[in-house]
Amino acid sequence: MAEFLIQALNETAPLRYWRGDVIGIYEDGVCIEPPSSGKVIVKVPGLAKADAESQGAEWWQRISFSILSSDLVTDSFRLTVSATEFNPTSGIGKLVAGKIEPFLENWGATGVTFASDSVTFDIKILDAIKSAGFWWGIDRTGLTFSELNYAQATGVHRCRVNYSGSGLTAEELKDFINQNGGTVTGENVGNKTITFDMVRTVVYEAFQNDVRQRVERMIVRRKFRLSEAAMQVIEADPQRWLTVGMGQYNTYWKNKLAE
Amino acid sequence: MTTRYVNTASSPGGDGTTNATSGATRAFASLNEAEAAMPATLTDWWRIVCEGSAADTTAVTFAGTTTSAANYIEVWTDPAATYGRHDGKWNTAKYRITAGITISENHVRISGLQSTVSGVRNVIVYNMAGAGVIHISNCWFSATTICVDVISVGAVVVTMWNTICSNAGGSSTGTIVLNQDAATFNCYNVTAYNRDAGTYFLWRRLAGTMNLINCLGVGRGQAVFTGTMNAVTYCASDDATADDWGGAGNRITQTFTFVDSANGDFHLAATDAGARDYGVTDPGSGLFSDDIDGVARSGSWDIGADEYVAAGGGLSIPVARPYTQAVNRAAVY
């Protein structure tokens, strides 16, 4: 049996628990007393806690990446980033240009075009390697980059960075390259250059992770809520604590993405 | 101050106004339940007192409540309570949370928690706009990824002191990480320890301002301080990174001796020669004057979360084992 602790207050502040939202989901026998005011408890015999967990899912703005086309000669890609969890009626959860565009441009993306719930753009791996997004946290002022070689089959870019006009030291640069998945292959102390290899997949993954981390966020505390009709049934119980069958349980839920 | 109680011996559904484990006013059964019951706007300091010998297993996100410098959220354990605050090392008889804590409020203080997590951060300060003040103190953290992470926030100042961060069993880009331009992360008397030798960076600044004083790092083959720190003083590391950014009093390539690092006890041993008395006094300018388990600091402070006190001086010190011995990764924290 799964047991649900449900918010009953008519709370509507953003990111708070709204009426009908699941506060907690427990194993059978955990809820042993009626709830205080402002909450109700629903017990569902025959429902395993593990199967009930989805009702407590948070609603986050989520994005997915898909490759529309690629050109391995220039190692560039045309990508689409789409919102995966949004309400088409209210628009909640849709991609907003201002939220994602700065991060795409930070990685050297070009040709950024917005649709209603997605954004399409071009990204070239070499441009990404040289971008502020990749070198996040380090002052790139005065660094100059050149590509020495590119192996199409393996996706390895051999690059050289000249730091003679930068305040960074060779050690700082080498640490950064190593910490971000690159391999330092040479150094010319006199010319103040460092040569390093960077693999396409490492750069692409770093790009995806960075954009996800900065764009994805919780927008509503729970994705599902108990229907108002169900709440009133439970609140009619003197102790606001009700045991219901699976049939009733299945009719109780509303999906906020579809309301 | 408004006080609410979490007691893992309670059952869900109480109003949290007492620490009782039954009745309508019973304590909340989890920190998450306490957070869910908070008002949309705080009008005073809101203290959540946590207790219980059973683990709190529910993740919690502090979000959606308007806080301010005077009206902040404080998650706190009572050192005097039977099942309250840990004693500076992992203790399964005390309150502990085994799921992640997300802070998306601008003014939150966490004091005296012990937390061990897998696959998530112990604490992530994340996803908030504007300025704020976050305090993390006297905590014991263990994670398979990052212990404390600050990212996607505004001009927030995070200050952490008297806290232990260690990790094992996974991989990550760092243990204590700052990755936000506008944010500041101050660490005072923090101990960070790589239980998997050479696996994790310890302090890592990717963006923002990171200031470290009296911090102790044991990377065991991996860099302790990486990513261009802003100020590092009176810190010590087992590698050569503590003095990479100048600053006074830093000590490199040190050997530290803890009471029982293999089992999560990072109190300094009597034989330690790497951290004892090498710190600077009062790094937080009056913010604190004791150590992770409440021992008063005196003289030249020790580096790290613990202030060594000789046996008979109020703290019982078991036989020391240096950290260089084999570490039992299977130890349950």
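Predicted model: local features only at pLDDT ≥ 70, side-chain atom pairs only at ≥ 80, totals over all residues.
1. Strand β19 (residues 257-260) of chain B pairs with β20(B) in the antiparallel sense, over two bridges. Opposite B:D265 of β20(B) stands B:D260.

2. Phi of B:R220 is near 50 degrees, a positive value in a residue other than glycine. B:R220 lies in the loop between β15 (216-218) and β16 (225-226) of chain B. Is B:R220 buried or exposed? The relative accessibility of B:R220 is 19%, and the residue therefore counts as buried, the cut-off being under 20%.

3. B:D282 is likewise not a glycine, and it has a positive phi of about 55 degrees. B:D282 is found in the loop between β20 and β21 (321-322) of chain B. With a relative accessibility of 32%, B:D282 counts as partly exposed.

4. The sheet of chain A may be described by its strand order. Four strands form an open sheet in the order β5-β6-β8-β7 (chain A), and their pairing is antiparallel. From one strand to the next, the twist averages 20 degrees.

5. One pairing in this sheet can be followed in detail. Strand β6 (residues 76-83) of chain A and strand β8 (residues 118-124) of chain A pair in the antiparallel sense over seven bridges. Within this pairing, A:L79 has A:F121 of β8(A) as its bridge partner. Helices also pack on the sheet: α2(A) touches β6, β7 and β8 of chain A, and the direction of α2(A) makes about 165 degrees with that of β7(A). Helix α5(A) packs on the sheet as well, touching β5, β6 and β8 of chain A. The direction of α5(A) makes about 145 degrees with that of β5(A).

6. The two helices also pack against each other. Two packed helices are described by the angle between their axes and the distance between the axes. For helix α2 (residues 97-106) and helix α5 (residues 200-215) of chain A, the angle is about 155 degrees and the axes are 10 Å apart. The two helices are therefore roughly antiparallel to each other, since an angle over 145 degrees is counted in that way. Their crossing is right-handed. Helix α2(A) contributes A:K99, A:I100, A:F103 and A:L104 to the contact, and α5(A) contributes A:F207, A:V211, A:R214 and A:V215. These residues divide into six nonpolar, no polar and two charged.

7. A residue of chain B has contacts in both chains. B:N179 is placed in strand β13 (residues 176-194) of chain B. Its relative accessible area is 9%, and B:N179 is therefore buried. Which residues does B:N179 touch, not counting residues up to four places away in sequence? In chain A they are A:W136 and A:R214, and in chain B they are B:V150, B:I151, B:S152, B:L206 and B:A207. A:R214 also takes part in the contact of α2(A) with α5(A).

8. Finally, two loop residues of chain B may be set side by side. B:E105 lies in the loop between β5 and β6 (107-111) of chain B, and at 3% relative accessibility it counts as buried. Leaving aside neighbours within four places in sequence, B:E105 is in contact with residues including B:F62, B:T67, B:I73 and B:M128. The C-alpha atoms of B:E105 and B:T67 are separated by 6.9 Å, although these residues are 38 residues apart along the chain. B:D78, in the loop between β4 (73-77) and β5 (101-103) of chain B, is partly exposed, with a relative accessible area of 25%. Not counting residues up to four places away in sequence, B:D78 touches B:G84 and B:R85.

Terms used: Residues numbered from 1 in each chain as written. Chains lettered and ligands numbered in written order. Heavy atoms only, no water. Axes fitted to C-alpha atoms, helices over the stretch in contact; angles between N-to-C directions. Parallel < 35°, antiparallel > 145°, perpendicular 65-115°, else oblique. Left-handed = near helix turned anticlockwise from the far one by under 90°. Contact = heavy atoms within 4.5 Å. Nonpolar A, V, L, I, M, F, W, Y, C, P; charged D, E, K, R; others polar. Pairing = 2+ DSSP bridges. Buried < 20%, exposed > 50% of the residue type's maximum accessible area, 1.4 Å probe, protein only.
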